[in-house]
Every structure is written in C-alpha cells, then in structure tokens.
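Please give a brisk report on this chain.

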Amino acid sequence: MTFQQILETQIKNAVENLYGAKLESVELQPTRKDFEGDITAVVFPMLRVVKGNPVQIGEAIGNYLVENVSEIEKFNVVQGFLNIVLSDSYYLNFFNSVTDFSSFGKGDQNGKAVMVEYSSPNTNKPLHLGHVRNVLLGYSVAEIEKAAGKKVYKTQIINDRGIHICKSMLAWEKFGNGETPDSTDLKGDKLVGNYYVKFDKEYKKQIEALKAEGKTEEEAKAQAPLLKEAQQMLLKWEAGDEETVALWNKMNGWVYKGFEETYKSIGVDFDFYYYESDTYLLGKDIIEEGIKKDVFFMKDDGSVWCDLTEDGLDEKLVLRSDGTAVYMTQDIGTAVQRVKDHPDVGGMIYTVGNEQDYHFKVLFLILKKLGYNWAENLYHLSYGMVDLPSGKMKSREGTVVDADDLIAQMTDTARSISEELGKIDNFSKEEKEVLYRMIGLGALKYYILKVDPKKRILFNPEESVDFQGNTGPFIQYTYARIQSILRKANENENVMLSLSKQITSDIILQPKEKELIKIIQQFPETIQLAAENYSPALIANYTYDLVKEFNSFYQNVPILATDNEAEKIFRVKISRAVGEVIKSAFALLGIEVPERM
C-alpha cells in the first residue's frame, strides 16, 4: 500500500470516528508552492456527508492525523484545504528504500501486449520533418508503455505500392539514365524522391501544353500522357509483370536502405514490418463475414457499406461495386492479421496525423461491431502538423524539410553554439562531434516531445538549441554537471565508500533537499500518467521541473563544500539519484545524456 492510500484510509477513518459518516473517496493533491505542506486534502467534497464549517472540519481531521499517522508532523488549514506536512523521516525512509534509482519508477510487465505503429512512410520519397514528429512520438510512447509494465511490439506499415510509387518508377525509367545510389553517391530514398519531384514537373508541363490546345484543367490532368503511363504501370504491377515488379523491387530496395540509415541516425527501431503490397488484399473475407452478421450491407450496385449513422457518423464504403478494396478494408484486415501474427496483443496504438482522425474513429467502431474484444483497446495517437518559420512543406514540389538534412542542421547549430560558449576546448575532435550530435538531436527531440501531441508545432531549430530554459540542452547540461560532481566526489575515498550505505535518520533535511526528494518520488506516477495519456510531454516537463529544482538546490546548498561529512554524502547521493532519474526519463524520450559537456 502506498503512503497516499494509507493517508486516504486514515482520512476516511477520521471522518467516521469524528462525525460518524462514511467518505467514498478523498481528494488529494500536491500542496501549492505558496503554502506550507506536502500533500493537501480538499475538504469541500466532504461537506456532502459532513455538515459544518470546512476550516473546523479540516482542523479536526488534521489533529486526528497527527495523532494517528507517524509520518505526519504538522498541518495547517487554509479555507477548505488541509495542508499536511510530512516528517523528514518519511522522506529519508523513502530515499533509503530505493536501492537503484536507474531503474526506479518502472513497472513489472503485466497484462496483454500492445502494438505501437509509427512512421509508416511511402517509398517514393525520403523521411521529412512530419515523419520526424511521428517517429519520435511513436517510439517514445512505446518506451513509456514498456516502462509502465506493458509488453510492447513496435511496428510500421510501409506504403510501397500504388500510383504514387509508379510515378517515381516511371520518371526514373524515362529520365534516370540508369543512375543508382552508388553511381550518384546519393541515399536511395533521396534518389527515388528526386524522381517523384521530376514526375510532377514533367506532368505539369504536359498539363500546360494540353490546356494551350484548349483542354480544361480537369481534362488536361486526366489526359496527360505521363499520368496514363503511370496508371498503365500500376496495372502491370498488379498483374505481376516481371519487368515492372523487378523495377519496383530494385527502387524500393534503395529506399529501404535509406530509411534504415535515417532511423539509425534518429535513434529509433522497429520489431516488425508490414508492407501494403502484402496487406492491400486483406480484409475482403472479413467484409463477407460482416455481411452475414449484418454489420455491413450491400447496395444495389454491389458495393458494401457500414451504416454508422446511429453512432453519429456516416455510411462508410468498405468494398467497391467491382469488388476492389478501399483503405478501410485494408486497415480492418491488417489489424486482424496483426493479432493473428501476435496472439498476445490486446490493443494497438496508431501514430498518425490528425487529418486522419475521422478515419480512425470509423475503423475502431467497425472493428468493435465485428466483435473483436481487443478493439476496445485501440488508440489513435493523433498529432498536429509541424511548421517551420518559412511555412508549410509540400512533397511534390520538393520543398519538404528532409529528415537527414534536419539532423545535420541541428548538429551544426549545436556545434556553432558550443564553440561560441567555449566550454569543451579540451575535448578531442571525435568527442566534440559525438557531443554536437547528442546535443543537436536532444534539442530536436525535446522541442517536439515537450509539446502535447495534439498541438501544432512551429519548429525553430535555433530556439531549440538553447542552454537555458525548457530545452533538451539545458537538461543535458545539468546531467553533465551532476556527473562532474560525482567525479569530484569519487576523489574523496570516504565519500565514495559511504555512497552504498543507508542515510541515517538524524539528518535534518534542508527545504531544497526535501523538494528534490518529493519530485523524485513522483516519477513512477508520472510514467503511469504518461502511459495512460499516451503523452511524452508529461515525461519531458516532469524532467524539466526536476532539473530546475536541482539547479536551485545546487546554487543554494553546498554539496562538496560542506564541512559536515554526513551532509556531504547525503547531498552527493541525492545528486546521483537526480542524475539517474534524468537519464532514465530522457531514455523514455529517446534522448541521450552526455557525461561531460
């Protein structure tokens, strides 16, 4: 039983003993900074069962708690809020009870597995800034779910077929002169992406030429020879034409190699891959079963629909009149296939932009109507667009911010700011480059992940690489500062030998020390909350609060400079614990921390 549960029980006992009334629940919250106290019990909701003055009720409960709960030292009542002050021994007992802060807060694995889908790119272009937010969110949520005690499978579905893929293939065939990633020294995904842009340029030229001949815009778009050739190529691919399939395999192979380099560079990974070329025919058998169960109905033209009007949505097409699938059909089939492949999966998280909100509402509802019990545990991790100061990105026009270029730019920004500060002049060239990359990536990831996923982001690279304020580099710098303290402490043999021992209860806690332990104590709850809300922002902002408090402690309380040996050992231990929690929290965001900075 946690202390909070003990406190709730004792407050219920107090109300029963003092007033002969039963409380169903107790509202507890952290005490506001401007009042003395650690935990606050809100008295107002109790007035439903206890009649009287809230201040007097708070006073009576406070006196009962001081007499009956050894960890409670004193209390104060402000209007209807009972502010409870916990004893130093309570915090020291907690601190001593944690044998390893590097694994503190992580839950034991329990329940069904969860599958987290993220990235899911098209094989006609490289990963861009929008994909970066997607992969950072998906990877972080997967790590948070794992830390909260879930078994996690990381996956993606790669959109490797369709007219957009054929556009790149056709442009390369027509204009590529046989060039390859090796012959051009270009990453494969960039090379293929260039031909997607090339197709669009040539297609637009043909449209203009047709319009000059008197065709309307719509007629010109439909009749342009390049588009007709791309459509023909798609039909050949679907028919299994050897030459077309060979070209498709070759160019997709270039792209996959490029993607893997980018994923490695960003620091994300996957356990399983799904390919649309394997899944695009899935789901038709499920539609047939759904017709028998009256989940779907057939119209006179032979098309199949799901009527969701009673659920506040529209009718949704799930099979065309010619028997071909739509995206919804594939998504239904893919979800079912994933559970067949991994029978321990009890839920799925789809990391997809908010323009698909409606699609996922419909998908989840249809899967529930089909009777899949795991459909109750599906979640759309919806997120807003990422904009740059220069404006919105467009793939076809080649104005996207390429993920690799962005990482390089972040590294360069970190390099120029670090060199300006001049704090790493004694590092080797290799050490500097590793650090610049760590700072640049840390800045990028933190800037994106500290924002609630649903909010749109205006990403400013220079602003993100700031060594002050709520940024990744500020937190990384604090971690490095702590490691410096620990290195100096290790030079003192007595301190080093005492770090593995328990802190004695005769230590009198400074307010800053107490505050640090309070924040550390909140880490397990923060992980659980972040997992429940699918929000890395909760972890990011928790870490910032911890770091702010540590820096205040560092500036106001002597750590190695104190003459009291017991205090010195305790403060070094607190510093080490803070460092380990920072490292652990940042790992959940996919961010590394440097030993020196």
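## Overall build

Among contacts (heavy atoms within 4.5 Å) between residues at least 6 apart in sequence, 73% join residues at least 24 apart. The model is predicted: local features need pLDDT of at least 70, side-chain atom pairs count only at pLDDT 80 or more, and totals for chains, interfaces and linings use all residues. Residues are numbered from 1 along each chain as its sequence is written, and side-chain values use heavy atoms, with hydrogens and water left out.

The chain holds 23 helices and 14 strands. These are DSSP runs numbered from the N terminus, with at least four residues (H or I) for a helix and at least two (E) for a strand. The C-alpha trace spans about 90 × 65 × 40 Å along its principal axes. Of the 597 residues, 52% are buried. Buried means under 20% relative accessible area, exposed over 50%, and partly exposed in between (1.4 Å probe, protein chains only).

The accessible surface is about 28,100 Å², with 48% belonging to carbon and sulfur atoms. Areas come from the Shrake-Rupley method with a 1.4 Å probe; for residues, only the protein chains shown count as cover. There are 70 positive and 90 negative side chains, and the centres of the two sets lie 2 Å apart. Lys and Arg count as positive, Asp and Glu as negative; His and the chain ends are not counted. Each charge is placed at NZ of Lys, CZ of Arg, CG of Asp or CD of Glu.

## Cores

A nonpolar core is a set of buried Ala, Val, Leu, Ile, Met, Phe, Trp, Tyr and Cys residues joined through side-chain atoms within 4.5 Å. The largest one has 154 residues, and Ile11 and Leu65 touch the most other members. Helix H23 (residues 565-588) gives the most to this core, with 11 residues. Beyond four places in sequence, Leu65 is in contact with Leu7, Gln10, Ile11, Ile72, Leu82 and Ile84. A second, separate core of 34 residues includes Met115, Ile287, Cys306 and Val326.

## Strand pairing

Two strands pair if DSSP finds at least two bridges between them. Strand S11 (residues 345-353) has nine of its nine residues buried, so it is largely enclosed by the rest of the structure.

| Pair | Sense | Bridges | Facing residues |
|---|---|---|---|
| S5 (residues 113-117) and S11 | parallel | five | Met115 and Met348 |
| S11 and S12 (residues 378-383) | parallel | six | Thr351 and Leu381 |
| S8 and S9 (residues 304-307) | antiparallel | two | Phe297 and Trp305 |

S8 and S9 belong to an open sheet of three strands, ordered S8-S9-S10, with antiparallel pairing. Strands S8 (297-298) and S10 (315-319) stand at its edges with a single partner strand each, so one side of each is left without a neighbour in the sheet.

## Two glutamates

Glu117 lies in strand S5. Its relative accessibility is 7%, so Glu117 counts as buried. Not counting residues up to four places away, Glu117 touches Thr155, Gln156, Ile157, Arg338, Ile349, Tyr350, Thr351 and Val352. Thr504 is 387 residues from Glu117 along the chain, and their C-alpha atoms are separated by 48 Å.

Glu229 lies in helix H9 (residues 225-238). At 32% relative accessibility, Glu229 counts as partly exposed. Outside four places in sequence, Glu229 touches Leu170 and Lys174. Cys166 is 63 residues from Glu229 in sequence, and 9.1 Å away in space, C-alpha to C-alpha.
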